[in-house]
Amino acid sequence: MVPAPPALADPVVDLPTAWYGPAIARFEAEFPGNPYDPEENDVRVVFLSANGERFERIAYPDGTSAYAAVLVAPRPGSYRPLLYRNGVLQPIEARSAYVRLDNRLPRGFLRVDARHPNRFVWDDGTPYYPLGFNLGWQMPDMPPMAEQLARMGAAGIQWTRIWASSWDGKNPFWAVNDPAAPRDRLWPPALAKWDALFEACEKAGISMQMVLFNHGSFSTLVNPNWPDHPWNAARGGFLTDAADVFADAEAKRRMKMWIRHAVARFSHSPSLFAWELWNEVEWTDASFAGRFSDISAWHEEMAQYIRALDPYGHPVTTSALLAPPSTWRAMDFLQPHLYTDAVTLFARLGWLPTRAPAFFGEIGPSHPARVNLRAFLRDAIYAGMLRNQAGTPMFWYWDLVEKHDLYGEFRTAARVLDRSRLAFHPRAESRPVVVIPPSPALALGERTWLTIRITAPSPRSVRILGARLDEGAYHRTTIDLETGQSFEDVVHVGQTGIEVVLPAADVVMVLDKSTL
């Protein structure tokens, strides 16, 4: 149980609220040494505006014979790109002498809301409330991930979480069926897959939480991939023990190569929600060996490294439930995972803090075949939502979403978020309501606004007590969670509570005095 949020990093507050771009500058250039290693090739592009403003961006090898750099800037106009290597201006002209920034990003980038630090916000001030599910990797019997992302976007989903996994070719250190690939460099086919994923997210209107490293790569106990890892000394690598990965200088150097390249290549995308350093770091060999100081120090070093490179200030997090609080010191938001077959547990999810951003990055039943998945997913979504967590709990089993066509649950949840305007109520609090005749209920409210889920045996008249609303007339929107159908009417809040008719058994009601 987490009684209070661990100390997290302060929200970024000094970035622009408007951005223009992107524009790409490319230079036909090849330099001796490892093109991905900044110790050998620190390649950057300085973009000069007509009035002399300078914007520096990291350049990256784009898989051909060129270096590319992407610019998003606070002001539109023409910019002249200049190429630098190791601090020295290179006598190489860009393919285009100037790049233009004309298009404004609709909302900018996502970050922790400095005014309401339990929530997220776009740069233009639009609140962001994540709703979605995981899409960790490409399963062989599933549609292409780009198709899945399109279906997710059509269902009103605007968040997902994707791993840099080796088994589907997205780990840049793990060349698949390519024995000639250099082991000390990033693997271009993996990077190209990430290009396609970001493009698909942008088309679908989905924000991606990008998982840079996962536990199995450096574990011999939980989902162990370490025996096959290219860094394993037993396979010709440089690490004799997976537990050393957080402290070994060469391992950290290579990890920084990936982080730097990811920032250079993907940070300009408005579909990047956050950098996730690790999936479930508590299952690594280093954690089992009790090397928590190494893990915490690594997180602080890499978070600082990302922030020093990322010009757009995307949030940084990691995922764990059992890791010590020190793991979170340099993180921007809290992200535990939870698996249980007890569906009713989700009615008690209030133990996540609301004084800092927190939501479950993975949830699911421990034994999916034993539970009603639709009921499980529905209970989880509304429990997190009505506990004012920073986002809904995120279902893990994306294959089961497809198999059982659970998209309707997300479509209805998106409608609830829209009708309730829950994202605009960051200071709302849980209400210990009582429903008569007795029915399970969860509620989130303020003095003139309430969103409540009631699960009754059947449609019926009920009285609601304990909502703590100001008296008077309220506009009511009632959404049937089984069909997604909504109903509108006016109800009265008095001293004896709220008397309403439930048009269906499982509903979410929104009472709003301001919209009457």
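How many residues of strand β5 (residues 66-73) are buried? The legends below, which describe close-up views of a predicted model, begin with that strand.

**View 1. Strand β5 and its two faces.** Eight of the eight residues of β5 (residues 66-73) are buried, so this strand is largely enclosed by the rest of the structure. In a regular strand, side chains alternate between the two faces of the sheet. Ala66, Ala68, Val70 and Val72 point one way from β5, while Tyr67, Ala69, Leu71 and Ala73 point the other way, and all of them are buried.

**View 2. The pairing partners of β5.** Strand β1 (residues 20-28) runs antiparallel to β5 and is joined to it by seven bridges, with phenylalanine 27 having tyrosine 67 as its bridge partner in β5. Strand β4 (residues 60-61) also pairs with β5 in the antiparallel sense, over two bridges, and here the partner of tyrosine 60 is alanine 68. Four residues lie between β4 and β5 in the hairpin that these strands form, and in its turn glycine 63 has a positive phi of about 95°.

View 3. Four strands, in the order β12-β13-β14-β15, make up an open sheet with parallel pairing. Because β12 (159-163) and β15 (316-317) stand at the edges with a single partner strand each, one side of each is left without a neighbour in the sheet. Strands β13 (residues 207-214) and β14 (residues 272-279) are joined by six bridges, and valine 211 stands opposite glutamate 276 in β14. Helix α2 (residues 188-204) packs on this sheet, where it touches β12, β13 and β14, and its direction makes about 155° with that of β13.

**View 4. Asparagine 134 and its surroundings.** Asparagine 134 is placed in the loop between β11 (127-128) and α1 (145-154), and it counts as buried because its relative accessibility is 0%. Its side chain reaches the backbone oxygen of glycine 361 at 2.9 Å, and a polar atom of that side chain lies 3.5 Å from the backbone oxygen of methionine 394. Beyond its neighbours within four places in sequence, asparagine 134 is in contact with several residues, among them Trp159, Arg161, Glu362 and Trp398.

**View 5. The crossing of helices α3 and α5.** The axes of α3 (residues 249-266) and α5 (residues 292-309) come within 10 Å and cross at roughly 35°, in a right-handed crossing. Lys252, Met255, Lys256, Ile259, Arg260 and Val263 in α3 meet Trp298, Glu301, Met302, Tyr305, Ile306 and Leu309 in α5. The residues of this contact divide into eight nonpolar, no polar and four charged.

Conventions. Residues numbered from 1 in each chain as written. Predicted model: local features only at pLDDT ≥ 70, side-chain atom pairs only at ≥ 80, totals over all residues. Heavy atoms only, no water. Axes fitted to C-alpha atoms, helices over the stretch in contact; angles between N-to-C directions. Left-handed = near helix turned anticlockwise from the far one by under 90°. Contact = heavy atoms within 4.5 Å. Nonpolar A, V, L, I, M, F, W, Y, C, P; charged D, E, K, R; others polar. Buried < 20%, exposed > 50% of the residue type's maximum accessible area, 1.4 Å probe, protein only. Polar contact = N/O pair within 3.5 Å; in protein donor to acceptor, adjacent residues only side chain to side chain. Pairing = 2+ DSSP bridges.
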